[in-house]
Amino acid sequence: MRVAVKELTNVIAGKLARAGAVPRSAAVTAEGLVYAEASGIASHGLVRVRPLAEQLRSGKINGAAVFPPVAKGAALRLIDANHGLGYAAAASATEAVIEALDGATPVAVAAVSRSHHFGVAGRYTEQLAAAGYVGVALSSTFGAIAPVGGARALLGNPPVSVAVPRSDGEPVVIDLAPAVTARGRIAAAAERDEPIPLGWARDEHGRETTNAVAAMRGTLEAIGGDKGVVLAMLADVLVAALTVSDLPGDASSVFTPDGPPPRLGHVVIGFDPGAFGVDTESKSKAYVEALSAGGTGMRVPGQRRRERRSEAAERGVEVGAETWAYLTAE
């Protein structure tokens, strides 16, 4: 079945509110989940509703948390998420960065501590680019990738996104993480009792596996081997240096209701290109034109996701019958 974006968002918000989230956090989180599903990023979409609801009920997520940014000078905002929903915390961080940049600060940073999974990183940078700014967003995660030669998930799978406004259309939005795939895709396969492709993950003993359940107990494979591991380290170190957050090997899972809150950290950075004397929008337009010249067929990063969201806005979001039954159940 297909469900209109607004209806689906309202249904999910209601589900999260009944589980214990305050209305604003429930609504912002629902928007983020539907944004992911409509973009074709199922690993960060509807599959996340049940784990979030279960963690709200167990108290692993503090549904009552609010996220007032604390100003530390003109350019820095600090947010203590107090174990609340990461989507709402990151949204507050993004709003705070835009507000600081609108106040003529050339660079603004918001650091979020003691948070939870924040969804698709590109959602926040895209908002910055839509406001005319260059955006950067990254987050820590719980353990996902093993160090070279190891079997324990001591590194995260930290998402990193950069978005740049473009004069002839939608911004360039680059959004990636160092693992071959998102753990959410493996979680979805485990829920359906389906195998995963070889090369996605290893089991808890460090052996390659196609068993999704075993992979959930193990580690994700990094893109590009050792270089992917170092990329994970790069983002892990940066977030750890700027936020009060657990290291990936110490953070608990964002998929299960047991254990303590994961204490993740997020960093959102914005730059006003005008303050640097650069016509960023025209330059990014020329760069994209050069990449796609000669019939390469290369898409602008973020374009496919926008096309899917546009289709979802017209036709609705495809939702399985079992998922819809869960979402609408009291």
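Buried means a relative accessible area under 20%, exposed means over 50%, and partly exposed lies in between (1.4 Å probe, protein chains only). The model is predicted: local features need pLDDT of at least 70, side-chain atom pairs count only at pLDDT 80 or more, and totals for chains, interfaces and linings use all residues. Residues are numbered from 1 along each chain as its sequence is written, and side-chain values use heavy atoms, with hydrogens and water left out.

1. R309. By this cut-off R309 is buried, at 17% relative accessible area. R309 lies in helix α10 (residues 303-315). Helices (H or I, at least four residues) and strands (E, at least two) are DSSP runs, numbered from the N terminus. Leaving out residues up to four places away in sequence, R309 touches Y35, A38, S39 and E126. Contact here means heavy atoms within 4.5 Å.

2. E221. Which side chain does E221 meet in a polar contact? The partner is R202, at 2.9 Å. E221 sits in the loop between β10 (219-220) and α8 (226-242). E221 is buried, with a relative accessible area of 16%. Residues up to four places away aside, E221 touches P178, A179, V180, G199, W200, A201, R202 and E208.

3. L264. This residue belongs to strand β11 (residues 264-271). L264 is buried, at 2% relative accessible area. The C-alpha atoms of L264 and H116 are 5.5 Å apart, although 148 residues separate the two along the chain. Beyond four places in sequence, the residues that L264 touches include V112, R114, H116, F142, A251 and V254.

4. Helices α1 and α2. Two packed helices are described by the angle between their axes and the distance between the axes. The axes of α1 (residues 5-19) and α2 (residues 23-38) come within 8 Å and cross at roughly 130°. Axes are lines fitted to C-alpha atoms, for helices over the stretch in contact, and angles run from 0 to 180 degrees between N-to-C directions. That angle makes α1 oblique to α2. Angles under 35 degrees count as roughly parallel, over 145 as roughly antiparallel, 65 to 115 as roughly perpendicular, and the rest as oblique. On the α1 side the contact includes L8, I12 and L16; on the α2 side, A27, A30 and L33 are among the residues. By class, the contact has 11 nonpolar, 2 polar and 1 charged residues. Ala, Val, Leu, Ile, Met, Phe, Trp, Tyr, Cys and Pro count as nonpolar, Asp, Glu, Lys and Arg as charged, and the others, Gly among them, as polar.

5. Helices α2 and α4. Their axes come within 8 Å and cross at roughly 90°. The two are therefore roughly perpendicular to each other. R24, S25, V28, T29, G32 and L33 of α2 meet Y87, A88, A91, S92 and E95 of α4. These residues divide into 5 nonpolar, 4 polar and 2 charged.

6. Positive phi. Most residues other than glycine have a negative phi. N82 has a positive phi of about 55°. N82 lies in the loop between β3 (76-80) and α4 (86-102) and is partly exposed, at 31% relative accessibility. D193 has a positive phi near 55°. D193 lies in the loop between α6 (183-191) and β8 (201-202) and is exposed, at 68%.

Conventions:
A polar contact is a pair of N or O atoms within 3.5 Å; within protein, one must be able to donate a hydrogen and the other to accept it, and residues adjacent in sequence count only if both atoms are side-chain atoms.
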